[in-house]
Amino acid sequence: MGKVHWIEPSGEITTEEHDAPPSYEEMKEFVDGWVEIVSVLFEGHCPTQMIINEEGRIKDLPRNQVATDIYLANLRSQYPDAADDEACHRLALAAAREKYRMRGINMVEVDLYPGLPFIAGHAIVLEGLNLD
C-alpha cells in the first residue's frame, strides 16, 4: 500500500491511499499532457517518482511551487556542497552530459529556459509505489 499525492499548481495537495500507481491515462489526464517521470526525494524518503507534464513550460502552464520545491530539494541532496540552487542545477546538467557522453551520445546544448528549473502545471508524487 502506498500513497499518491496529487499536487495542484495552486499548492493544494490531495493524498490518497493506493495499492498500485495510477494508470498512464489517469496520470496523463491529471497533468494535462505528455507524462514525464522525474526521480525525487519526497519528505526525506528514499528516491521516488514525480510525474509532471513534459511540455508544461512550453505550454506556459502555471508554476507549481510545491512540486518545484520537491524537485530542488532533490537536487540539493545530490550536490550538498554546491553554493546555491543554480550551482546544483549546473552540476546536474554536467553529470547528465557526462552520462550521455560515456554512452556515445552527444547532448545538444539548448537552453530554452535560462535560470533555475521549475515544474509547470499539475504534478503527481508516488510514495511507496513505483511505475514499472
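I looked up the salt bridges to start with, and the count comes to 3 (a side-chain nitrogen of Lys or Arg within 4 Å of a carboxyl oxygen of Asp or Glu). This is a predicted model, where local features need pLDDT of at least 70, side-chain atom pairs count only at pLDDT 80 or more, and totals for chains, interfaces and linings use all residues. Residues are numbered from 1 along each chain as its sequence is written, and side-chain values use heavy atoms, with hydrogens and water left out.

**The pairs**

I checked Arg76 and found Asp85 as its partner, the closest N and O atoms being 2.7 Å apart. Arg76 counts as partly exposed because its relative accessibility is 37% (buried is under 20% relative accessible area, exposed over 50%, partly exposed in between; 1.4 Å probe, protein chains only).

Next I took Glu86, which bridges to Arg90 with 3.4 Å between the closest N and O atoms. Both sit in helix H3 (residues 85-102), 4 residues apart, about one turn of the helix (helices are DSSP runs of H or I, at least four residues, and strands are runs of E, at least two, numbered from the N terminus). Glu86 is partly exposed at 44%, and so is Arg90 at 49%.

Then I noted Lys59 with Glu55, at 4.0 Å, N to O. Lys59 comes out at 43% relative accessibility, so it is partly exposed.

**Glu36**

I found Glu36 in strand S3 (residues 35-41). Not counting residues up to four places away in sequence, Glu36 touches Met50, Ile51, Ile52 and Glu54 (contact means heavy atoms within 4.5 Å). Glu36 is partly exposed because its relative accessibility is 31%.
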